[in-house]
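Subject: Structure handover

Hi,

Here is the structure I said I would pass on. Have a look at it, and then read my notes below.

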Amino acid sequence: MMRGHYLPALIAAAQAFFGTAASVDLPIAARIDGIASDSTAVVYNTNSPVLVGNDGGAASGGFRTFAINNSSNLTETHHNTPGRTKLVTTVYGIDGKDFIVTIAQPDSFFRLYNATTAEQVGEPLARTLGDWSALCVWRSQSSGEQYLYLFGKKQAVQFLVRAANGSVEIVEIQTFAAPVEASSCAASSSDSAVFFSGDDTRIYTFAAAESTQVPDITILGEAEDDVTGLAVYVGKNSDYLFVAQTDTIVVYDQSFSSLGSATLTGDDDIEIQGLNIYQSEATLYPAGILTYAVESDSGEGFGISSLGNIFDNSILEINTAYTPRKLPCKAKPSVCPECSSNGFCERSTSSYGNLTCSCFAGFTGNTCESFNCRNDCSGHGVCVGANQCDCEDGWGGLYCAFKTVKPAAETDPNGADGDDPAIWISPINKTMSRIITTTKSEVGAGFAVFDLTGKKLQTVTAAEPNNVDVIYNFPAGDRVIDLVYAACREDNTLCLFEIHQNGTLGPISGGTQPTKEDYDVYGSCVYRSRITDKQYLFVNAKTAEYLQYELSWNNSSQALETTLVRNFTGGSGGQVEGCVSDEANAWVIIGEEPRGLWRYGAEPDDDASEGFLFTEVGDGHTYADVEGVTLVEGATANDGFILVSQQGVSAYNVYQRAAPHEYIETFTTIENTDKGVDAVSNTDGITAIGTSLGAAFPYGLIVVHDDANQLPESGTSDEASFKLIGLGDVLSDNLLGELNPDWDPRS
């Protein structure tokens, strides 16, 4: 870890600087807004340092570069759009060249760009399927090699970045489990340590090493507030860990003792993310620069501050001589030809000639001369390289383990950040059934209604609805009506609209119902008791607290009303969202995003102290985040299927409806070039029915959310879409035999 024999001097220096003050002010020196920002990197340049920032927008997704010049402005110099991107970093001196590294969400490929020109170098590299949330670089002080650490859904992947055959390659070293989904990370090259944190106060660390051994992850300490960014300042004698906590940056030593803090000023409601540090001198910033993604009352984008505001007039030594290009004086190669350059060379301390090879992921043999593939490409492909499968037609995803299907259609683009769909079955003609979707972002917030070709028929403004469900045959006085229900995040209410006979939505008295005080709604679903015929609404918070309300009609006020009848904690306490009820079996099935699917009794007097976990992340079939969940009704209470979306791999699992809910298969989407419909990426909500909807969907319909709506003519739409998949393209004839094509939810 960090060099401890300097600790007393560091603490004394910090006390001399910060004194008794809890924080010093750190003004925003320059800023640019209007960009969906998460992370920053820097390019060291003696003439004009460069800020690199991700762009998480749909149509504008990728990264941008900004010159930090002799003014208070950030001047945009390049904007590349490979697709919505969360993560950016930089590597230096690979065959004498510096590179910007990104990984785009739509395709999960790494891309390298020349750090000077921002032009892409070579083809996309090392596809790593997943939903990745943190990326940092470590340079070995022994060999000089550079490594990427990529974090995602409770896992991390270590890669080697190296020159190869006149170009650059990214080689997977190993994948290992992490205790949380990291939202930020940083590495100390001089102290060979990696630090990471999730969206809470805890900071973890492990030793960075040129090894295939799984690192030992420990807790470094807990911050006073939720951690929103990490960066390492390389000192002359010891490194410091900069920890962003909302609008404050706290400096810690190697024992995680606070050395003081600085609070960002210049706007209200500031939140910092994606922290990074430029330590060299710049014209306006002789002490160096702090870079960050920032969100505040003024908007969202990137900002910089002078490190001089922290270090000036203190006895802490500023290390502007630092350069990330520095190599060890006497580099000791860690990768050698004797191991086919596919593994680490480990020599015995007793004899220089006694060498063993520790092979990188996907390589095997005494000298790592052979390659293999995980799960032998699942029996549906040929292994053509280290963990590289050439899949048979009809198979794809992780090591050819997923059945591939082509969407038959997609909805018209609508809204900004879509989430969840529902299918309303028309009582007049099933071919006139409708798809109802939600937009949960401030831009375009509300519901949209589409026909079975995906044509948009209606939009209705609502307070940022998230999950959506249909209620059939609800008694409203002397009428029997259908309703659409969602939890609305803007005002933490339960939102309900009436569905008319033609499938359009309209307001209804009592359509906005409150939840309890200090409760932040998230996911939701509905349940109609076959015991009492009462209608219930479920709503959850990210904290896993579920509320169950009875929905009724007040004849006096002629309005909807709700009564809280139960609350309980779902799952093991991790973040929850998607849920669906099985009315015939009186169950509610909930998705705990990092864990799996749980089953509970749906009646308000059922014991909810313990649920039944029937699929779990890491079981060989289930991947985080577990998002949307839906039920395809069968001919009997034991027939039918549970479908669940898995955001990290953009795939969907199918389980038996009947307990114990055995796993059947996983499917994912591929582009339908004939119809100009792109594949799904970073999927969220899902709904499905087994009812025949006419010639287009004779065996039923699945509708899924697509995060990055790729346009046929290239580029990505600013608006979301949902993909329509024939249920008959997913289930075999034998499985379809369990369904009733005439199933009617009103029967």
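Let me begin with one of the disulfides: cysteine 377 is joined to cysteine 389, S to S 2.1 Å. A disulfide here is a pair of cysteine sulfur atoms within 2.5 Å. The link of cysteine 377 and cysteine 389 is left-handed, with -90 degrees about the S-S bond. Cysteine 377 lies in the loop between S28 and S29 and cysteine 389 in strand S30 (residues 388–391), so this pair ties together parts that are 12 residues apart in sequence. (Strands are DSSP runs of E with at least two residues, helices are runs of H or I with at least four, and both are numbered from the N terminus.) Cysteine 377 is buried, at 1% relative accessible area, while cysteine 389 counts as partly exposed at 23%. For those words, buried means under 20% relative accessible area, exposed means over 50%, and partly exposed is in between (1.4 Å probe, protein chains only).

Before I go on, some housekeeping. This is a predicted model, in which local features need pLDDT of at least 70 and side-chain atom pairs count only at pLDDT 80 or more, while totals for chains, interfaces and linings use all residues. Residues are numbered from 1 along each chain as its sequence is written, and side-chain values use heavy atoms, with hydrogens and water left out.

Back to the cysteines. How many disulfides are there by this rule? The count comes to nine. Another of them joins cysteine 373 and cysteine 383, with the sulfur atoms 2.1 Å apart. That link is right-handed, with 85 degrees about the S-S bond. It connects distant parts of the chain, with cysteine 373 in the loop between S28 and S29 and cysteine 383 in strand S29, 10 residues apart. Cysteine 373 is buried, at 10%, whereas cysteine 383 is partly exposed, at 23%.

Then there is the disulfide of cysteine 339 and cysteine 357, whose sulfur atoms are 2.0 Å apart. Its S-S torsion is about -90 degrees, so this disulfide is left-handed. Cysteine 339 lies in the loop between helix H2 (308–311) and strand S25 (343–347), and cysteine 357 in strand S26 (residues 355–359), so the pair ties together parts 18 residues apart in sequence. Cysteine 339 counts as buried at 0%, and cysteine 357 does too, at 19%.

The loop between strand S28 (370–371) and strand S29 (381–385) also holds aspartate 376. Aspartate 376 has a positive phi of about 50 degrees although it is not a glycine, and it is exposed, at 59%. Asparagine 473 also has a positive phi, near 55 degrees. Asparagine 473 lies in strand S38 (residues 465–476) and counts as partly exposed, at 27%. Why pick these out? Most residues other than glycine have a negative phi, and most peptide bonds are trans.

One runs from alanine 624 to aspartate 625, with omega near -10 degrees; aspartate 625 is in the loop between strand S50 (612–616) and strand S51 (626–633). A cis bond also joins alanine 659 and proline 660, with omega about 10 degrees, and proline 660 is in the loop between strand S53 (651–656) and strand S54 (663–669).

Finally, the rings. The whole structure has 27 aromatic pairs. Rings of Phe, Tyr and Trp (its six-membered ring) pair if their centres lie within 6.5 Å; planes under 30 degrees apart count as stacked, over 60 as edge-to-face and the rest as tilted. Tyrosine 527 and tyrosine 536 are stacked, 6.1 Å centre to centre with 15 degrees between the planes, and both are buried. Ring pairs also link Tyr149, Phe151, Phe176, Phe196, Tyr204 and Phe206 into a cluster.

Cheers
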